[in-house]
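Please keep the sequence and the model in view while reading.

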Amino acid sequence: MTGRSDDYRFMEIRDAIASINQKVNIVGVIIEFSFPRRTKGTDCFCAVKIVDQSHHKPGITANIFAESLEKLPRVASAGDIIELSHVTMKTHKGEIYAVFNKKFSSFALYEGKDGSGFLPYDASPKFRPRDLDEKFIQSLRDWLVDFELDEGSTNFSFVRDLKESEHVNLICKIVYMCESNNETLAFAWDGTDSQPISIDTRLANEIDYAHQSGPLVLPRDILCILPPVGSILRLIFDKGIEKQSFSMLNTGKWMKFMNVLCEMQVGTFQIVVTTFSKLRFTSNGDIAVQFRQRSYEERLASVLGRIPFWCFPSPSHVTEVDHNNEPFATLMDVLTYPKATAKFKCVVRVIAMYPLQAKDFRSPEGIYRVRLCLEDPTARIHALLYAEDGKQFFGGYPSSDALTRKRNKLLGVPASEKNEASTRDPPWVQCCLKSYYLNKQDVLGSRQYRIFGTRLVVED
């Protein structure tokens, strides 16, 4: 790889790592990159890890500095190709890396293996094209066709493994993105069910939970394109990362996130991309991705595939239903069903009831009227227990004390607690739901849900 002068000479990575404290020109495939952020000083920063045919494990990192975010490389996707000119090779604590100096270094970004042209889609002002650029770019594209990243002992979690306040590596599919109130919303999924959350609340504050709708406050036409099984989590970017970082996400594609933070919001997990998170190269034939996709397809085909993972081998016996032979549905199935009126059998947790006090479950005329907030790994909905359905559910008209015991069993309130601060773990229960509408001119938009054919089996 020689040219008329040092400005035209490209080194393979294996040669560059032997050139400590020297300025070199290198070209490689981006296998991992951080999100652009501002440093504590006046600069902006991002890092890219690159490989080539000579050095594809573990690769080397290039630390790139610029005066503004706009002057940093705007990497479209892991797997793209970057040319780096006049970068200085450094070493620190045994790690060799390249440093991009904003005064004299330059870069150019090209599409990866699926690209056909040789014009960079982003380049720094100091970049100057060379006669041999096309040769190097095409050589890397040809090599990428069969390239599989050796990730060594890197551990990737499933959504079902997530715990609050933990940093994890996660493989997930971006299932939807949109703009709302000048905010970019993104949603991620891997086909598994997130863990049910213990509800740490005073029963006196139950009204707060009774009116929560969970993280998927999206129009029905959008819900219809989302997977019916598996938890869909909100993906947000920390304040230290610029809004333009969302352009790096690809809807409908599997992506590998390194070192993301799991947080709790409205009683559900959300994934936080921090200033220390990175995106990693993911090939179409990635074994871990194929395993997740195959597991999801097998789950869809299973008779029990729509039962929450966390209630196997069976839900609790707190309730009984009339329609035992009906197939199970997830709450996402319920929300996206194409007809306004239908009946379903689900396995859910009752995370809230309103009114809270058992003495208020019936109207002055003695008619049951209770609103329940139901949750499964896919969604939350509100369902009404009304009139004769309520009578069947509660076993007639028991005393207020007996109703309170039934309520506590359904909400997972420990027997020793009496309206004190506590942690609740509502049991997974079967229930039958039926949908109905309030407005003939908008049957789907006015759809509501009621519980029917279900009995609460708790001794008085």
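Predicted model: local features only at pLDDT ≥ 70, side-chain atom pairs only at ≥ 80, totals over all residues.

A residue is called buried when its relative accessible area is under 20%, exposed when that area is over 50%, and partly exposed in between, as computed with a 1.4 Å probe on protein chains only. Residues are numbered from 1 along each chain as its sequence is written, and side-chain values use heavy atoms, with hydrogens and water left out.

Taken as a whole, the chain has 460 residues, of which 53% are buried, and its C-alpha atoms fill a box of roughly 95 × 45 × 40 Å along the principal axes. It contains 8 helices and 23 strands, where helices (H or I, at least four residues) and strands (E, at least two) are DSSP runs numbered from the N terminus. At residues 10-145, an unreviewed UniProt entry places the feature "domain: Telomeric single stranded DNA binding POT1/Cdc13"; UniProt positions are given in the numbering used here, feature names are shortened, and annotations may be inferred rather than shown by experiment. Over residues 10-145 the chain is 12% helix and 44% strand, and the end C-alpha atoms lie 22 Å apart.

Where does the second largest pocket lie? It lies between domain 1 (10-145) and domain 2 (159-194 + 230-301), because both give residues to its lining; the domain bounds come from an automatic or database domain assignment. A pocket here is an open set of points, on a 1 Å grid over the protein atoms alone, where a 1.4 Å probe fits and which has protein on both sides within 12 Å along at least five of seven lines, and lining residues have an atom within 4 Å of a point. The second largest pocket has a volume of about 610 Å³, a volume being the space filled by probe spheres set on the grid points, which are joined across faces, edges and corners. Of the 25 residues that line this pocket, the closest to its centre are Ser77, Ala78, Asp114, Lys253 and Thr282. Strands β13 (254-265) and β15 (278-280) each supply at least two residues of the lining, and β13 gives the most, with 3 residues.

Serine 165, in the loop between α2 (133-144) and β9 (167-180), has a positive phi near 70° although it is not glycine. Lysine 93, in the loop between β5 (81-92) and β6 (95-100), likewise has a positive phi, near 50°, and counts as exposed at 79% relative accessibility. A cis peptide bond, with omega about 10°, joins phenylalanine 312 and proline 313, the latter lying in the loop between α5 (287-301) and β16 (319-321). The peptide bond from tyrosine 354 to proline 355 is also cis, with omega near 0°, and proline 355 lies in the loop between β17 (342-354) and β18 (369-375).

Helix α8 (residues 400-411) has 12 residues and should span 16 Å at 1.5 Å a residue, which agrees with its end C-alpha atoms being 16 Å apart; the expected span is 1.5 Å times one less than the number of residues. Its buried residues are Ala402, Leu403, Lys406, Arg407, Asn408, Leu410 and Leu411. After α8 comes glycine 412, whose phi is positive, near 75°.
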